[in-house]
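Hello,

Here is the structure I promised to pass on. Please open it first, then read my notes below.

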Amino acid sequence: MEQTEQTYHIPVLLHESIEGMHIHPKGIYVDVTFGGGGHSKEILRQMDGDSKLFSFDQDPDAEKNIVNDQRFTFVRSNFRYLHNFLRYYGVEKVDAILADLGVSSHHFDDSERGFSFRFDGKLDMRMNKRAGITAADIVNTYEEERLANVFYLYGELKNSRKLASVLVKARAAKPIETIGEFIDTIKPLYGKEREKKELAKVFQALRIEVNQEMEALKEMLYAATEALKPGGRLVVITYHSLEDRMVKNIMKTGNVEGKAEQDFFGNVQTPFKLINNKVITPCEDEVQRNPRSRSAKLRIAEKK
């Protein structure tokens, strides 16, 4: 059965993010996270006949949602290669770039993808099933210290060392290959009241490592900074503190580390001016309709 936009992913902060792109005639726009196509379809609705939209996604499942529109180009790639593909299509500069960094509902609801602890299945978590290592590869092959670092850096888990130690001991007896085996191994570390929250952090850490999400985001943010025209907009929706910090830093200082360079007069040298000083979050009505939007934060900046 073909996935529909609704079952694949409900677009988060749709009105606010598209409004933030400041769409105008003859513009060139990029949606680096096509997914279910919700944001892209709304961008196309607001574009004129002379505008163009390039939408990126590395997930083969997203290709089922491709839009039949001559103004639209689907790019089968990770957004970290934004610069390469814009150059390939002969695009010098663009008017706005949108990124919705959330994992599609479709991924959480598909047991075969291994993103959710609600289902059993293979411990996979690859966004691009055609390449790369799986979560099972990481759990079974990383040295204990490296495994602990993944859980500490990407899941912000205080018991990361204990967690890594338990996994290394368990895999010595038998490889951990399914979600069920993985959860059975680590569950005793968490009390019933904290279990769901902690498991979500563990799965987040593995997913980030499998897909090299932080490195890819860093590369995309620098490429986006370079690709935008003066007056062009960078519009990003984040869902956890690690990625939000990087986005906030690049918008405020021009680099993901947040190292502010100042001119002779003490003014911070940044390629952007902030459109919303205060982060935009979903209203109560949106959170009720789509609980997964609860942690979303929208930041908008304009290239100077």
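**Aromatic pairs**

Counting ring pairs gives eight aromatic pairs. One of them joins F34 and F74. This pair is edge-to-face, with 5.3 Å centre to centre and 70° between the planes. F34 sits in the loop between β1 and α3, and F74 sits in strand β3 (residues 72-75), so the pair ties together parts that are 40 residues apart in sequence. F34 is buried, at 2% relative accessibility. F74 is buried too, with a relative accessible area of 9%.

Next, look at F182 and F203. Their ring centres are 5.8 Å apart and their planes stand at 70°, so this pair is edge-to-face. F182 belongs to helix α9 (residues 179-186) and F203 to helix α10 (residues 195-211), so the pair ties together parts that are 21 residues apart in sequence. F182 has a relative accessible area of 0% and is buried. F203 is buried at 4%.

Ring pairs also link F54, F56, F85, Y88 and Y89 into a cluster. A charged side chain meets a ring elsewhere: R146 lies over the face of Y142, at 3.8 Å from the ring centre.

Bear in mind that this is a predicted model.

**Nonpolar cores**

In soluble globular proteins, nonpolar side chains tend to be buried together. Here, the largest nonpolar core has 62 residues. Which residues have the most contacts inside it? They are L82, I97 and F182. Helix α11 (residues 213-227) gives the largest share of this core, eight residues. Another core lies apart from it and has 23 residues, among them L13, M47, V67 and L98.

I97 is worth a click. Leaving aside neighbours within four places in sequence, I97 is in contact with V30, V32, L82, A224, A227, L228, R233, L234 and V235.

**Helix α2 and what follows**

Helix α2 covers residues 14-21. Which of its residues are buried? They are S17, I18, G20 and M21. Seen down the axis of α2, these buried residues fall within an arc of 155°, so they line one face of the helix. The face turned away from that buried side carries the exposed residues H15 and E19. The buried residues of α2 pack against β1 (28-31), α3 (38-46), β4 (94-100), β5 (228-238) and β7 (297-303).

Just after α2 comes H22, with a positive phi of about 60°. H22 is found in the loop between α2 and β1. Is H22 buried or partly exposed? H22 is partly exposed, with a relative accessible area of 47%.

M125 has a positive phi as well, of about 75°, although it is not a glycine. M125 lies in the loop between α5 (105-109) and α6 (135-141). M125 is buried, with a relative accessible area of 0%.

**R161**

R161 lies in helix α8 (residues 160-173). R161 is exposed, with a relative accessible area of 56%. What does R161 contact, leaving aside its neighbours within four places in sequence? The contacts are E144, E145 and A148. R161 and D61 are 100 residues apart along the chain, and their C-alpha atoms are separated by 36 Å.

Best wishes

Technical notes
Residues numbered from 1 in each chain as written. Predicted model: local features only at pLDDT ≥ 70, side-chain atom pairs only at ≥ 80, totals over all residues. Heavy atoms only, no water. Buried < 20%, exposed > 50% of the residue type's maximum accessible area, 1.4 Å probe, protein only. Helix = DSSP H or I, 4+ residues; strand = E, 2+ residues; numbered from the N terminus. Arc of directions from axis to C-beta. Contact = heavy atoms within 4.5 Å. Core = buried A, V, L, I, M, F, W, Y, C linked by side-chain atoms within 4.5 Å. Phe/Tyr/Trp six-rings, centres within 6.5 Å; stacked < 30°, edge-to-face > 60°. Lys NZ or Arg CZ within 6 Å of the ring centre and 35° of its normal.
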